[in-house]
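Here is a short report on side-chain packing and pairing in one protein chain.

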Amino acid sequence: MSGDVWGYRETSGRVRDIDLTGFKVEATDGHIGKVDKHSDVVGASYLVVDTGHWIFGKEVLLPAGTVTRIDQEEQRIHVDRTKAQIKDAPEFAGERHLTDAEYHRQVGAYYIGGPEHRA
C-alpha cells in the first residue's frame, strides 16, 4: 500500500455524508464483519469492525487506506487485506485505542509494513 494509510483512496467511492455503520466488510478472502463505527477525520480516518464470531467477537481497527471499494447499494466495504492479515494486526482495545497516537502509529506501520504483512 502506498500513500496515506489513514485516508480513503480517491478510487474507493467514499462519500463523506454516508454513514457506514452496519456496512458489511469483505477481506480479499471473505467476510470479516460489520462496521461498528467509523471516522472521516482527515489524516485519521478508520473503520472499527465488529468481527462477530470470526475472531471471538473482537473488534478490529482498519485504517481507511485499506478500503479498496465501497458499494453503497449493497452496503459492502471491500478491503485489500486477507482475514489472516487483519486477525494478526495489533490488538484493538476499543475506545482507549481510538485516540492513542502510539497505537495508531503501530497500526499504520503494520498495514504499510514490510513483506511479513503482505499477501
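## Nonpolar core

The largest nonpolar core has 29 residues. Leu-47, Leu-62 and Ile-77 have the most contacts inside it. A nonpolar core here is a set of buried Ala, Val, Leu, Ile, Met, Phe, Trp, Tyr and Cys residues joined through side-chain atoms within 4.5 Å. Buried means under 20% relative accessible area, exposed over 50%, and partly exposed in between (1.4 Å probe, protein chains only).

At least two residues of this core come from each of β1 (24–27), β2 (30–39), β3 (46–50), β4 (59–63), β5 (67–71), β6 (76–79) and α3 (101–112). Helices (H or I, at least four residues) and strands (E, at least two) are DSSP runs, numbered from the N terminus. Ile-77 touches residues including Leu-20, Phe-23, Val-35, Leu-47 and Ile-70, not counting residues up to four places away in sequence. Contact means heavy atoms within 4.5 Å.

## Basis of the model

This is a predicted model: local features need pLDDT of at least 70, side-chain atom pairs count only at pLDDT 80 or more, and totals for chains, interfaces and linings use all residues. Residues are numbered from 1 along each chain as its sequence is written, and side-chain values use heavy atoms, with hydrogens and water left out.

## Aromatic pairs

The structure holds 2 aromatic pairs. Rings of Phe, Tyr and Trp (its six-membered ring) pair if their centres lie within 6.5 Å; planes under 30 degrees apart count as stacked, over 60 as edge-to-face and the rest as tilted. Phe-92 and Tyr-103 form a tilted pair, because their planes meet at 40°, with ring centres 6.2 Å apart. Phe-92 lies in the loop between α1 (83–87) and α2 (95–98), and Tyr-103 in helix α3, 11 residues apart. Phe-92 is buried at 10% relative accessible area. Tyr-103 is buried at 3%.

Tyr-110 and Tyr-111 pair edge-to-face, 5.0 Å centre to centre with 90° between the planes. Both are buried.

## Salt bridges

The count comes to 9 salt bridges. Each is a side-chain nitrogen of Lys or Arg within 4 Å of a carboxyl oxygen of Asp or Glu. Lys-58 and Glu-91 meet at 3.9 Å, N to O. Lys-58 is in the loop between β3 and β4 and Glu-91 in the loop between α1 and α2, so the pair ties together parts 33 residues apart in sequence. Lys-58 is partly exposed at 42%; Glu-91 is exposed at 57%.

Arg-105 and Glu-102 meet at 2.6 Å, N to O. Both lie in helix α3, 3 residues apart, about one turn of the helix. Arg-9, Asp-80 and Arg-81 are linked in a network of salt bridges.
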